[in-house]
Amino acid sequence: MPLSQGPKPTACLALADGTVFYGRGFGATGVTEAELCFNTAMTGYQEIMTDPSYAGQIVTFTFPHVGNVGVNPEDDETGDPVAAGMVVKWDPTEPSNWRSAGELGDWLAARGRIAIGGIDTRRLTRAIRARGAPHAALAHDPDGNFDVEALVARARGFKGLVGLDLAKDVTCAQSYRWDEMRWAWPDGFARQEAPRFKVVAVDYGAKRNILRCLASAGCDVTVLPASATADDVLAHQPDGLFLSNGPGDPAATGAYAVPMIQQVLERSSMPVFGICLGHQMLALALGAKTVKMNHGHHGANHPVKDVETGKVEITSMNHGFAVDSQTLPAGVMETHVSLFDGSNCGIRMTDRPVFSVQHHPEASPGPQDSFYLFERFVASMGVAA
């Protein structure tokens with residue numbers, strides 16, 4: 001709704017149903033349109049904005065203190081922000097943190113990302129939960145001049161994520177090696193100098209911290225583009241195959257990813273581990289189906305139950321599509337479920353070391369309850385060897 005008092009609004013968020021929010025803009029100026037989601041994490045706004053899985057989305061942060069610890073180059077999950085925009089309740093304050101190397105607004109502006117503050121994020125979040133993730137247009141104009149009808153039209157004109165292959169837009173251009181391990185005090189990022197196993201990681205939009213976790217678990221990691229074929233993978237003679245996170249509709253990415261995974265499974269007995277979109281790619285390759293969720297799961301506080309052990313893990317999630325557990329074929333079992341809505345969060349083959357999870361076991365900042373999955377992957381390679 002229009003601000004009744006204070007300075008003239010400098011940003012506008014228009015939804016496809018005609019709802020309009022006015023606020024104060026920061027970051028870059030201009031207009032962008034995308035799907036609007038919300039994230040419930042209390043920390044990690046820089047990691048969220050640079051997570052390639054957020055391609056095609058504007059992120060509403062439900063936690064009000066966004067920007068208060070500034071930004072720094074160590075917390076980027078990829079080279080530049082991938083999320084299309086940011087919506088927050090309070091304007092970012094001057095950062096106060098010993099690791100801060102700059103302010104959030106300046107960082108966004110330099111990278112062409114629009115943000116809006118002064119928004120009733122509780123109202124917006126309730127609307128998303130009730131009616132699903134809407135299409136939206138976000139505009140920032142320091143002079144406060146907005147053509148609301150045109151913004152609503154742009155929101156309505158956004159085609160949405162269904163049927164959209166975004167992995168091709170965020171994947172690496174060519175293969176590369178990775179040996180940087182997880183951050184640790186006081187040395188920061190050390191290098192893996194004595195890896196035990198060779199792993200090929202297929203990049204559908206891989207977060208850096210996933211690759212760090214693989215290296216920390218003892219892997220010599222080679223990253224391949226999303227379009228890699230089974231021949232490309234097997235040419236490296238890996239001990240294991242990792243399928244990364246990523247954005248967009250899994251069915252669309254699966255057009256080329258699924259045949260590769262199926263051929264690797266036919267031609268090799270190596271362990272396979274997938275996360276997020278990689279989880280969905282594996283499920284599709286095994287014969288299951290995926291569905292679009294109402295508003296998805298986005299946050300660092302999602303309870304997930306391991307149905308085999310009964311253990312409940314607090315996990316980080318970021319996905320708008322899910323594996324339909326009712327379509328899992330014989331020989332594939334459900335291993336994890338969300339305690340929020342019962343949706344599928346993990347699968348494994350019953351006779352081979354091939355498994356995947358919907359949540360993010362590498363999440364940092366955030367819970368690390370699920371790091372054991374990397375250790376399980378490495379242990380399975382040891383057995384296979």
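1. Let's start with Asp91, which is partly exposed at a relative accessible area of 34%. Here buried means under 20% relative accessible area, exposed means over 50%, and partly exposed lies in between (1.4 Å probe, protein chains only). Arg24 is also partly exposed, with a value of 30%. Asp91 and Arg24 form a salt bridge, their closest N and O atoms being 2.7 Å apart. The term stands for a side-chain nitrogen of Lys or Arg within 4 Å of a carboxyl oxygen of Asp or Glu. This pair links distant parts of the chain, 67 residues apart: Asp91 sits in the loop between strand 5 (85-87) and helix 2 (104-110), and Arg24 in strand 2 (residues 20-27). Helices (H or I, at least four residues) and strands (E, at least two) are DSSP runs numbered from the N terminus.

2. A word on what you are looking at. This is a predicted model, in which local features need pLDDT of at least 70, side-chain atom pairs count only at pLDDT 80 or more, and totals for chains, interfaces and linings use all residues. Residues are numbered from 1 along each chain as its sequence is written, and side-chain values use heavy atoms, with hydrogens and water left out.

3. How many salt bridges are there? The count comes to 14. One of them joins Arg111 and Asp80, with closest N and O atoms 3.6 Å apart. These two residues are 31 residues apart, Arg111 in the loop between helix 2 and strand 6 (114-117) and Asp80 in the loop between strand 4 and strand 5. Arg111 is partly exposed at 30%, and Asp80 is partly exposed at 45%.

4. Now look at Glu180, whose salt bridge with Arg191 has its closest N and O atoms 4.0 Å apart. Glu180 lies in strand 9 (residues 180-184) and Arg191 in strand 10 (residues 188-191), 11 residues apart. Glu180 is buried at 13%, whereas Arg191 is partly exposed at 46%. Both belong to a network of salt bridges that links Asp179, Glu180, Arg191 and Arg212.

5. You will find Asp51 in the loop between helix 1 (45-49) and strand 4 (57-61). Asp51 is buried yet has no salt bridge, and the nearest side chain of opposite charge, Lys207, is 4.2 Å away. For charge, Lys and Arg count as positive and Asp and Glu as negative, while His and the chain ends are not counted. What does the side chain of Asp51 join in a polar contact? The partner is the side chain of Asn318, at 3.2 Å.

6. Which residues touch the most other members of the largest nonpolar core? Of its 33 residues, they are Tyr204, Val233, Leu241, Leu243, Met260, Ile261 and Leu282. Such a core is a set of buried Ala, Val, Leu, Ile, Met, Phe, Trp, Tyr and Cys residues joined through side-chain atoms within 4.5 Å. Helix 9 gives this core its largest share, 7 residues. Apart from it lies another core of 28 residues, among them Trp178, Ala201, Phe374 and Phe377.

7. Finally, the cysteines. The count of disulfides (pairs of cysteine sulfur atoms within 2.5 Å) comes to 0. For Cys219, the nearest cysteine sulfur is that of Cys213, 10 Å away. Cys219 is buried, at 1% relative accessibility.

How values were computed:
A polar contact is a pair of N or O atoms within 3.5 Å; within protein, one must be able to donate a hydrogen and the other to accept it, and residues adjacent in sequence count only if both atoms are side-chain atoms.
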